Amino acid sequence: MVKGRGRAEGGKGDKGEAGREKKGTGEGRKGGGRGREGREEEGCTFNGRQYVDGSEVISEEDPCLVCMCNAGTMTCMEMRCLATCDNPVTFPGQCCPICPTCRHRGRTYQDGDVFSPTGDPCDVCTCLEGTLRCRHQTCPELASCPQDMLQSPPPGECCPTCRGGSLNCTQRDVGTVIKPDVKDPCFYCECKGSNHWLCKAQGCPRLNCPPAVQKITPGECCPTCPVCHDMDTDLYYEEGDVWSDDNNPCKSCQCQQGRIVCRLFQCPPLRCSSRERMVTPPGQCCSICEPLPQIECFYQGIRRQPGERFKPDDCTTCDCLGGEVKCSTETCPPISCGVDEVPSAPPGACCPVCIAKPGTCIVFGDPHYQSFDGTMIHMQGSCKYIMTKDCENNDFTVEVQHDDRGMFGLVSWAQNFTVRLGGTQIDLLQQQIVQVDGRSVSLPYAEQGFSVERNRDTLLLNTAIGVQVTWNGDSNAEVSVPGTYKGKTCGLCGNFNAFPQDDLRTRSGVITNSPSVFGNSWKAPIQNNDSCADSVDIDPCVKAGYRARKAASAKCAVLTTSKFSPCHRVVAPDTFFASCVYDMCVCMDNSTCLCEILSSYAKECAKNGVQLRWREPGLCDFPCDTFKGFVFDECGPVCPRTCKNLYTPPENMEARCFKPCIASCQCPADKVLHNGECIPTSRCSTKQRGDITVNG
């Protein structure tokens, strides 16, 4: 094995080039290896290449690794570089760095060399990191130096000097420095002994700050840099300077004892009124309150004046401030009502109060009435009857028109309704036609005291006194009256006194067990047709025969199956089953009759908190447009969620929309109704929400 050489030959460049030393690193790879019986084979194999004996190879991966092929063995040595300058420069692919040099007029100068390129000592060039920097020194003015003291420049010096004058300069004064009275503060004289003064100009060190910020103190020779340097902004400050951060006016800094000390100013709490806005003036740290600009607002397409206050609904108050509508919604406190009470919002009020539970009377089928107190009455006849009215103060009257259903004269049906409020008459007719005082109106319609709207297949009449009527435009209706009318009503719906045994009380006050006698006594004073005939007590199943009753019972038996059994404990199905058999005996082939009974029962269940999923294809299925996101709800709200009431608290919404529920297509809980389809709440734009800012 060949040992590494102690020092390789240094670089062949200029003076100061880094030298290099080779250090043996042990035996390299064997090239051809040794043949049989120890015979040496010529050449070496290294990194997949063949080299002849005596070849020297520099590694491609490490330029400081030199390998030599000797007698079939590749021996490698690592070169060690010896730097001879303070700032060597390394080049890619070269092992040892070199020292930067400068060239001038064919001569090479090493880094740090100083020379005069012209021979004039006032012309000075310096080689710095491979760059030649030259300057011409300017001599100080020696105008105040006496002529006899003026001395030519010493050998190798640029500027003349001024001898020390009459001051003593003995051997013991050697080294004494004085400043003669000359204009140049850099001029000084140093005692050299034997009354010989050497006078010259002081040289100033190179400063690290830009010339523009350098400062010369009067009487001083050399400039100085400001004591503080902000490296983030590259700005310089003198001791005691105070400044603010351009990006953060709340940040104040000061130069203290050569250090930059910064502080953040904490603004005092600021609360502006609703008619002011908070602004931060340019260049200032803290915000101030200033009046809002006088700009109009637009709310749901209505122009509002600056400063105008208005109420979109009973629970919301809005102000037009600075071009924006800002609204606050009253949140109602929790309310707990008694068993016979329900929460209800009085007209014009936001939050509900506990009132007596309202009474509900329904009419369906051929026709059947379930009174306010729960009595089921089957009452035929083809006249106009008083369904219910306020028998004490005559606040309202609801009349129902019966018509022959055309089934052998056995049954009739509720064809339309007339509601009287004071001097106003509202007629709810077939095909959802609405008339007010004899003239047809478009929906939605509202005037003082009442409103009528359409929710898909149901008409909704809502009155200021709390009486509400829903009508499907065919044969199914529901009348709801507030609990304040308890014991004050009369008509086919009974007296609403929580005692069902006296519901069949005639107009003369006699309690009867005959639905026909009871119904005939409540004929309306004015009849709309000449075919009005007294009702008679008949059982259509008796006339239809045993087979018809059996078939009707089989169809109505669905009320007793698992589809409806979850509701049996809260709404007894017996009276609805009897009504179903009654109707099916005369309209066996008409599925509408069966669906009217089943949906009426399911609706009563929903009102009592039991939601049934009983509809299916072939059994009163209720198709909903799933492409628009709708799902069927047996007892859906009549005030669906929309983009406009998106932020109304649910408890407030329920109080303001206290109306009977309806079987209808509704949007799922995570969507709202907009332009006839269900959309996610995230798609409700600010404009669709009324362009409001809601404050809790």
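Mentor: Start here: T360 stands opposite S480 in strand 44. This is a predicted model, where local features need pLDDT of at least 70, side-chain atom pairs count only at pLDDT 80 or more, and totals for chains, interfaces and linings use all residues. Residues are numbered from 1 along each chain as its sequence is written, and side-chain values use heavy atoms, with hydrogens and water left out.

Trainee: What makes strand 31 and strand 44 a pair?

Mentor: Two strands pair if DSSP finds at least two bridges between them. Strand 31 (residues 359-364) and strand 44 have five bridges, in the antiparallel sense. Strands themselves are DSSP runs (E, at least two residues), numbered from the N terminus.

Trainee: Which strand is joined to strand 44 by four bridges?

Mentor: Strand 43 (residues 468-471), and the two run antiparallel. Here Q468 stands opposite S480. Strands 43 and 44 form a hairpin with five residues between them. In the turn, G473 has a positive phi of about 75°.

Trainee: Why is strand 44 called largely enclosed?

Mentor: Buried means under 20% relative accessible area (exposed is over 50%, partly exposed in between; 1.4 Å probe, protein chains only). Five of the five residues of strand 44 are buried, so the rest of the structure largely encloses it. Both faces are covered: A477, V479 and V481 on one side, E478 and S480 on the other.

**Aromatic pairs**

Trainee: How many aromatic pairs does the structure hold?

Mentor: Eleven.

Trainee: Why is the pair of Y109 and F115 called stacked?

Mentor: Rings of Phe, Tyr and Trp (its six-membered ring) pair if their centres lie within 6.5 Å; planes under 30 degrees apart count as stacked, over 60 as edge-to-face and the rest as tilted. The centres of Y109 and F115 are 3.7 Å apart and the planes at 5°, so the pair is stacked.

Trainee: Is Y109 buried or exposed?

Mentor: Buried, with a relative accessible area of 9%. F115 also counts as buried, at 12%.

Trainee: What makes F396 and Y485 edge-to-face?

Mentor: Their planes stand at 90°, with 5.2 Å centre to centre. F396 lies in strand 35 (residues 396-404) and Y485 in the loop between strand 44 (477-481) and strand 45 (489-490), so the pair ties together parts that are 89 residues apart in sequence. Both F396 and Y485 are buried.

Trainee: Which residues do ring pairs link into a cluster?

Mentor: F364, F564, F576, Y601 and W614.
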